[in-house]
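Biologist: Please take me through this model, one topic at a time.

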Amino acid sequence: MRLLFILSNNPQALFLGCLIIFYFLCTNLKNMIRKSLLLLALLLASWIVSAQSYLFKHLEVSDGLSNNSVNTIYKDRDGFMWFGTTTGLNRYDGAKFITYKHDPENEYSLCHNYVRVLYEDSKGRLFVGTYNGIQLYDPETDSFSARAQWEDGKTFDSNIISILERRNG
């Protein structure tokens with residue numbers, strides 16, 4: 001009888017190794033080759049998956065985030081991470097934050113600092129829902145549209161909690 005020793009700090013690899021040992025002890029020789037190839041493929045797939053590494057970084061006010069109270073997080077098509085907080089909207093490029101806030105003197109700033117929801121539509125446009133309405137971010141000018149209006153011209157100044165896209169856009 002042969003003994004197989006598995007040295008690994010990866011629990012998935014240890015579990016798979018134990019399965020292989022159990023398999024070899026419990027199978028008959030006739031089906032062993034076919035099952036061995038299947039197990040080898042599973043072992044290879046497990047090894048490839050476990051080889052991926054992920055980096056998690058805690059981002060705080062000291063890193064440039066406008067507030068630690070984050071209401072919504074979104075990663076856009078360009079790879080920017082957007083954080084909607086109670087005191088503004090933050091765009092993170094992996095190294096630094098840019099913070100967008102309401103400026104009463106600028107109609108193209110956020111209409112309210114309390115950002116509740118972010119949504120990117122099928123055309124790649126980023127919508128920002130705040131405590132006082134909804135706006136569209138314009139990456140060309142790095143600013144926001146004026147607040148959305150109803151057909152009669154009145155400002156849509158509701159507390160936005162969700163944004164959805166219709167099938168026809």
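**Rings and strands**

Biologist: Are Tyr100 and Tyr137 buried or exposed?
Modeller: In this predicted model, Tyr100 is buried, and Tyr137 is buried as well. Buried means under 20% relative accessible area, exposed over 50% and partly exposed in between, with a 1.4 Å probe and protein chains only.

Biologist: What are the ground rules here?
Modeller: Residues are numbered from 1 along each chain as its sequence is written, and side-chain values use heavy atoms, without hydrogens and water.

Biologist: How confident is the prediction, then?
Modeller: The mean pLDDT of the protein is 78, and 62% of its residues reach 70 or more.

Biologist: Back to rings. How many aromatic pairs are there?
Modeller: Searching the whole structure gives eight aromatic pairs. Rings of Phe, Tyr and Trp (its six-membered ring) pair if their centres lie within 6.5 Å; planes under 30 degrees apart are stacked, over 60 edge-to-face and the rest tilted. One of the pairs is Tyr100 with Tyr137, edge-to-face at 5.9 Å centre to centre, with 65 degrees between the planes.

Biologist: Where in the chain do Tyr100 and Tyr137 lie?
Modeller: Tyr100 is in strand β4 (residues 97-100) and Tyr137 in strand β7 (residues 133-138), so this pair links distant parts of the chain, 37 residues apart. Strands (E, at least two residues) are DSSP runs, numbered from the N terminus.

Biologist: Why is the pair of Tyr114 and Tyr131 called tilted?
Modeller: Because the planes of Tyr114 and Tyr131 stand at 55 degrees, with ring centres 5.8 Å apart. Tyr114 lies in the loop between β4 and β5 (115-120) and Tyr131 in the loop between β6 (126-130) and β7, so the pair ties together parts that are 17 residues apart in sequence. Tyr114 is partly exposed at 26% relative accessible area, and Tyr131 is partly exposed at 45%.

Biologist: Which residues form a ring cluster?
Modeller: Ring pairs link Trp82, Tyr100, Tyr137 and Phe144.

Biologist: New topic: what does β6 pair with?
Modeller: β6 pairs with β5 in the antiparallel sense over five bridges, where pairing needs at least two DSSP bridges. Five bridges also join β6 to β7, again antiparallel. Val128 in β6 stands opposite Leu118 and opposite Gln135 in β7.

Biologist: Which β6 residues are buried on each side?
Modeller: Leu126, Val128 and Thr130 are buried on one side, and Phe127 and Gly129 on the other.

Note on methods: Predicted model: local features only at pLDDT ≥ 70, side-chain atom pairs only at ≥ 80, totals over all residues. Helix = DSSP H or I, 4+ residues; strand = E, 2+ residues; numbered from the N terminus. pLDDT = per-residue confidence, 0-100.
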